[in-house]
Amino acid sequence: MSKKLTAAAAAPASFEEAMAELAQLVTQMEAGQLPLEASVAAYQRGSELVKYCATQLDSVEAQVKVLEGDMLKPFVDAGEAAL
């Protein structure tokens, strides 16, 4: 297991890859069958992936702000717009 975590410790190739790995880690941890050390390593890797994803989302948000001329509007759901 530690060999897998060591190999996976590299930065993800994409946001989607990071989310998929994070989902897999959550599933493994929720199953409750990981030894303590593996659980701690999975939690640490999950924290790294969350930080990576947050950074990616911040970057994309900054790009969208530039494209929209810093005039972002709150998202309104079509169902809420009818109210």
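The buried residues of helix H3 are Ala38, Ala42, Arg45, Gly46, Leu49 and Cys53. The model described here is predicted. In it, the protein chain holds four helices and zero strands, and its elements run α-α-α-α from the N terminus on.

**Helix H3**

- Helix H3 covers residues 36-67, and its 32 residues reach 46 Å from the first C-alpha to the last. This is close to the 46 Å expected at 1.5 Å a residue.
- Gly69 follows H3 and has a positive phi, near 70°.
- Val40 has its place in H3 and is exposed, with a relative accessible area of 52%.
- Tyr43 is also found in H3; this residue is exposed, its relative accessible area being 56%.
- Arg45, by contrast, counts as buried because its relative accessibility is 7%, under the 20% cut-off.

**Helix H2**

- The end C-alpha atoms of H2 are 24 Å apart, which agrees with the 24 Å that its 17 residues should span at 1.5 Å a residue.
- Ala18, Glu21, Leu22 and Leu25 are the buried residues in H2. Seen down the helix axis, the buried residues of H2 fall within an arc of 100°, so they line one face of the helix.
- Glu16, Thr27 and Glu30 are exposed on the other side of H2.
- Just after H2 comes Gly32, which takes a positive phi of about 70°.

**The nonpolar core**

- The largest nonpolar core consists of eight residues, namely Ala18, Leu22, Leu25, Leu34, Ala38, Ala42, Leu49 and Cys53.
- Helices H2 (15-31) and H3 are the elements that give two or more residues to this core.
- H3 gives the most to the core, with four residues.

**Salt bridges**

- The count of salt bridges comes to two.
- One of them joins Arg45 to Glu21, with the closest N and O atoms 2.8 Å apart. Arg45 lies in H3 and Glu21 in H2, so this pair ties together parts that are 24 residues apart in sequence.
- Both Arg45 and Glu21 are buried.
- Glu48 also forms a salt bridge with Arg45, and here the closest N and O atoms are 3.5 Å apart. Glu48 and Arg45 are three residues apart in H3, so about one helical turn separates them.
- Glu48 counts as partly exposed because its relative accessibility is 36%, a value between the 20% and 50% cut-offs.

**Distances between residues separated in sequence**

- The C-alpha atoms of Ala20 and Leu49 are 10.0 Å apart in space, while the two residues are 29 apart in sequence.
- Val40 and Met29 are 11 residues apart in sequence, and 9.6 Å lies between their C-alpha atoms.
- Tyr43 and Val26 are 17 residues apart along the chain, and their C-alpha atoms are separated by 8.6 Å.

**The chain as a whole**

- Of the 83 residues in the protein chain, 16% are buried.
- Among contacts between residues at least 6 apart in sequence, 69% join residues at least 24 apart.
- The protein chain has an accessible surface of about 6,500 Å². Carbon and sulfur atoms account for 61% of that surface.

How values were computed:
Residues are numbered from 1 along each chain as its sequence is written. This is a predicted model: local features need pLDDT of at least 70, side-chain atom pairs count only at pLDDT 80 or more; totals for chains, interfaces and linings use all residues. Side-chain values use heavy atoms; hydrogens and water are left out. The expected span of a helix is 1.5 Å times one less than its number of residues. Buried means under 20% relative accessible area, exposed over 50%, partly exposed in between (1.4 Å probe, protein chains only). A nonpolar core is a set of buried Ala, Val, Leu, Ile, Met, Phe, Trp, Tyr and Cys residues joined through side-chain atoms within 4.5 Å. The arc is that of the directions from the helix axis to the C-beta atoms. Contact means heavy atoms within 4.5 Å. Accessible areas come from the Shrake-Rupley method with a 1.4 Å probe; for residues, only the protein chains shown count as cover. A salt bridge is a side-chain nitrogen of Lys or Arg within 4 Å of a carboxyl oxygen of Asp or Glu.
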